[in-house]
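This report describes selected parts of one structure. The sequence and the structure come first, then the text.

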Amino acid sequence: MQQEIADWDGKSADDIHLIYSRYYHAPAFISEALSLIKQVPYQKGATWLLKKHLEDKGHLTLQEIGSIYRTLPKLEHWESKLHILQSMPLMPIRKSKVKVVESFLRNCLADQNKFVRAWAYNGFYVLAKQYPEYQAEVDQLLDQAMQNEAASVKARIRNILKQS
């Protein structure tokens, strides 16, 4: 799997789907993907594979999710950040990981990439649903974003507000 991710051009959806289809049933799929997230050259592919796994109703243990959250400060590619942000609704945040997740989300709100920013707002929404002490701040962040953010970010925020 590592070599196939290394050979992947980082763009072809068909190729990364093929990698997923070849490996997702393997007993070591999750552990290998978690290991690859920690290595910058493989982050984009490994986070995509884990996102696909979760979207396909795959299961991660709380320990595996904790491992993902521990790697957040090491994510370098905007696509890797985006994959994790998009997966957050499917990954409960343990109390012991709240601060690392919060820090990651704050950094993502300042990201130059508007998709990362948009999904960071969604991440804060997910955090506040699990930890209500964040709700007032999240409401304020969403209000400010609706005034100051790009149209594409506002579209994601409107989707968040519809869920409320």
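The buried residues of helix α7 are Val 98, Val 101, Glu 102, Phe 104, Leu 105, Cys 108 and Leu 109; buried means under 20% relative accessible area, exposed over 50% and partly exposed in between, with a 1.4 Å probe and protein chains only. Seen down the axis of α7, these residues fall within an arc of 165°, so they line one face of the helix; the arc is that of the directions from the helix axis to the C-beta atoms. On the other side of α7, Lys 99 and Asn 107 are exposed. Helices are DSSP runs of H or I with at least four residues, numbered from the N terminus.

This is a predicted model: local features need pLDDT of at least 70, side-chain atom pairs count only at pLDDT 80 or more, and totals for chains, interfaces and linings use all residues. Residues are numbered from 1 along each chain as its sequence is written, and side-chain values use heavy atoms, with hydrogens and water left out.

The cover over the buried residues of α7 includes α5, α6, α8 and α9.

| Helix | Residues |
|---|---|
| α6 | 78–87 |
| α7 | 98–109 |
| α8 | 114–130 |

Trp 78 lies in α6 and is partly exposed, with a relative accessible area of 35%. Leaving aside neighbours within four places in sequence, Trp 78 is in contact (heavy atoms within 4.5 Å) with Asn 113, Phe 115 and Val 116. The C-alpha atoms of Trp 78 and Trp 119 are separated by 11 Å.

Technical notes
Helix = DSSP H or I, 4+ residues; strand = E, 2+ residues; numbered from the N terminus. Expected span 1.5 Å × (residues − 1).
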